[in-house]
Every structure is written in structure tokens, then in C-alpha cells.
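Me: I have a structure open and want to talk it through. Can you take my questions one at a time?

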Amino acid sequence: MPTREFHAPSLAVSIGKLDLQNPLMTASGTCGYANEYGDFTDLTRLGAFVTKAISKTPRKGNEAYRIVETRAGMLNAIGLANIGLDAFLKDKIPILKEMGVPVIVNVPGWTTDDYVDVSARLNDEPVVGGIELNVSCPNVKSGLSFGTDPVRLFELVSAVKKVTTRAELIVKLSPNVADVAVTAKAAVDAGATALSLVNTFTAMSIDINNARPMLANGTGGLSGPAIKPIALFMTHRVYTEVAKKHNIPIIGMGGIQRWQDGVEFLLAGATGLAVGTALFLDPNIPLQILEGLRNYLARKNKTDIRQIIGSLQAPAPHD
Ligand SMILES: Cc1cc2nc3c(=O)[nH]c(=O)nc-3n(C[C@H](O)[C@H](O)[C@H](O)COP(=O)(O)O)c2cc1C
């Protein structure tokens, strides 16, 4: 009797010109600059490594507490603490080069020039495959504005587009808006080559013993399993309303912790899958998700992960 040869399903995906061995990546701010987790997991097996936010100059960030646990989630107000662009280029880029995994650098900013200057210098570094604009960090005062106003977002992305001649230009959308498809469209119209979503939801937690917020900053960003169903909905909305018709890949994130979560995001339209808060539980979770995805595809007789991206059978919208 002839035996059927088994071929492991292909997990390779592309974010624009950036070819990834699989969709799994770190979510910005949850895995340091480079190999801080190197002793705990094999980051070279991931599709891409996404750095924490790198600003033009070093930042101390907010006072403690900067992180508190909530039921089914995590609240953070780190305040974009980082070593700044010069130190990043000098000390971290060589480590990232050595790692040999596609690198995406997260870029925050408070003025258009901040974003343009940092993006221009990163665009000159061949190891940087993608620049992810953090237009949505709710932790820094007035940081909401670019990501929540489609007109300002369009202007910002258009300005950065001029200097991002080589690297992919990924815009990370804020969920703190009435309709995320509106800001997604503004970003794509301005030249974004990929979208990532979602960043954290503005939220708070109160210490009832002294009637003060738990976070020194007052408010912070909620992440983890608590936000997954909303992040999933937003991913699907952006996919159907914007990304699919413009052929723009989405990096989905928000509470991804198990392989089943990854499958849901892929079905909803995500091409990449970023894991953030779950890394605090176990840095190996992305690799476990990878294994689960591979088995799921084989069980479903799929030869290529791209066969399931955006394949959700959603009911037709009502009148
Ligand atoms: C501690 C912490 C720090 C973060 N720092 C950044 C950051 O520097 N830049 C950014 O764009 N997003 C940052 N985020 C948001 C995550 O990248 C991600 O969008 C969000 O946490 C949702 O994914 P998750 O539920 O898997 O954590 C941070 C999240 C956490 C928990």
C-alpha cells in the first residue's frame, strides 16, 4: 500500500518585503532591546524580534509603581523608559545583527520631528527590517494625540514615509478610538506598509486603603487576556474595512497566550502574531504557540499557514 508522505505545513509569512520564518514575534516593550530573554528561550526561532520603544534621547520613564496586576490583565505606565537612539545603535544593533532574526524597532515621539529623525537613522541600518511607529502610547502625557486623530496621523505617517525608503513602515494603532478602521485608513493612505494592533487600552486601578491610583502615573495601559476579545474584533474590523482591499499585512496582538488565540487572530485577518504580557508568565509561550499552530494546520490538512489568514466565515453585516 502506498504511504502518503507527510510534509510539515509551511509557517512562513511576509510583512511587506520582510520574509519571516513564522508569524510569531515579541510585542514591543515586553522583551527588552535584544537578547535579554536569550537565556530563557530561543528567540532565533521566532519570525521577528520587536524592540521596546527607542526614543531620540534617553528617558527615565515614570516613577514606581509602573506595573500592577489586574484580574486577567496587566496595567503598565512605564513611560517609555529607554537608553535612547545613540546607545541603541552603538550597543544593541550589533547584538541584534548577531541574532540573525528580522528586527522591527518601535519608535515613539512627541513631535513629528522626533519620529522623522529616529526613523531616518534606523532606515540606514540594514538589520532594521521594519520601523513600528508607536503613535498610541497612552502613558505619556499628550501621547494620545497622533494615534487618535486621523488627520494628525495622516500628516505624521506621510512625513515619516519620506525617510523610510528601505524599511517596512508599520503603524501601531491605538485601540482608544471610536472606530479603529478610521485611523487604520489614515495610516494606509499616508503610506504605511503594514499595521500592528492593538496597543494597550487606557485604564486605571485604585488602592482603596489610601484612595490613590495604584500606578504612580495615575492611569496606564491595560494588556493581557482581558483585552483579547476586543483586540480580536478590532483586528477583524481593520482587516475587512482596510487591510484586505489594500493588501496590507496586519500584526495582531492583545492577550495572545495560547495557540488557539493565535489561530483566532489569523482567522480574523492577522498575518503576524505578537506576544507581550504572556512573556511575563513564560518566555517560551511563543514557541509553544508555534508548535500548536503547526499541529492545528496539519490536523486541518493545510499545507500553508497563509491558507487560513482572514478565512473567518463571518455573517454578512445587517442593514
Ligand atoms: C510592560 C509593557 C511595556 C510596553 N511597552 C510598549 C512600547 O514601548 N511600545 C509599544 O508600542 N507598545 C508597548 N506595549 C504594548 C504591547 O506591545 C502590546 O501592544 C500590548 O501589551 C498588547 O499585547 P499583550 O496583551 O500581548 O501584552 C507595552 C506593553 C507592556 C505590558
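**Helix packing, sheets and core**

Me: Start with H7 and H9. Which residues of H7 meet H9?
Reply: Trp 259, Gly 262 and Val 263 are the ones in H7. Across from them in H9 are Gln 288, Ile 289, Gly 292, Leu 293 and Tyr 296. Keep in mind that this is a predicted model.

Me: At roughly what angle do the axes of H7 and H9 cross?
Reply: Roughly 65°. The axes of H7 (residues 259-268) and H9 (residues 285-299) come within 8 Å.

Me: Is the crossing of H7 and H9 left-handed or right-handed?
Reply: Right-handed.

Me: Sheets now. What is the strand order in the open sheet of 8 strands?
Reply: The order is E3-E16-E15-E10-E9-E8-E7-E4, and the pairing is parallel. E3 (24-26) and E4 (49-53) are the edge strands, each pairing on one side only. From one strand to the next, the twist averages 25°.

Me: How many bridges join E8 to E9?
Reply: There are 5, and the two strands run parallel. E9 covers residues 168-172. Within E9, Val 171 is the bridge partner of Leu 133.

Me: Which strands of that sheet does H2 touch?
Reply: H2 packs on the sheet and touches E7 and E8. The direction of H2 makes about 170° with that of E8.

Me: Stay with H2. How many residues does it have?
Reply: H2 has 12 residues, 112-123. From first C-alpha to last it reaches 16 Å, close to the 16 Å expected at 1.5 Å a residue.

Me: Which residues in H2 are buried?
Reply: Tyr 115, Val 116, Val 118, Ser 119 and Leu 122.

Me: And what covers the buried residues of H2?
Reply: The cover includes two helices, H1 (85-99) and H4 (150-163). It also includes strands E7 (103-107) and E8 (128-134).

Me: Switch to the open sheet of 4 strands. Is its pairing parallel or antiparallel?
Reply: Antiparallel, in the order E5-E6-E14-E11. E5 (67-70) and E11 (201-203) stand at the edges with a single partner strand each, so one side of each has no neighbour in the sheet. The twist here averages 35° from one strand to the next.

Me: How many bridges pair E6 with E14?
Reply: E6 (residues 73-76) and E14 (residues 220-223) pair over 3 bridges, in the antiparallel sense. Leu 75 stands opposite Leu 222 in E14. Met 74 has Ser 223 in E14 as its bridge partner.

Me: Over how many bridges do E11 and E14 pair?
Reply: Also antiparallel, over 3 bridges. Phe 201 has Leu 222 in E14 as its bridge partner.

Me: What about Gly 220, buried or exposed?
Reply: Gly 220 is found in E14. Gly 220 counts as buried because there are 30 C-beta neighbours inside 10 Å, and the cut-off is 20 or more.

Me: How far apart in space are Gly 220 and Ser 205?
Reply: They are 8.7 Å apart, C-alpha to C-alpha. In sequence, 15 residues separate them.

Me: Last topic, the largest nonpolar core. Which residues have the most contacts inside it?
Reply: Ile 170, Ala 192, Leu 195 and Val 238. That core has 88 residues. Helix H6 (residues 228-246) gives the most to this core, with 7 residues.

Me: What does Val 238 touch, leaving out residues up to four places away in sequence?
Reply: Val 180, Ala 181, Ala 184, Leu 195, Leu 197, Ala 243 and Ile 250.

Definitions and conventions: Residues are numbered from 1 along each chain as its sequence is written. This is a predicted model: local features need pLDDT of at least 70, side-chain atom pairs count only at pLDDT 80 or more; totals for chains, interfaces and linings use all residues. A nonpolar core is a set of buried Ala, Val, Leu, Ile, Met, Phe, Trp, Tyr and Cys residues joined through C-beta atoms within 7 Å. A residue is buried if 20 or more other C-beta atoms lie within 10 Å of its own, exposed if 12 or fewer, and partly exposed in between; C-beta atoms are placed from the backbone. Two residues are in contact if their C-beta atoms, placed from the backbone, lie within 7 Å. The expected span of a helix is 1.5 Å times one less than its number of residues. Two strands pair if DSSP finds at least two bridges between them. Axes are lines fitted to C-alpha atoms, for helices over the stretch in contact, and angles run from 0 to 180 degrees between N-to-C directions. A crossing is left-handed if the near helix is turned anticlockwise from the far one by less than a right angle, and right-handed if clockwise.
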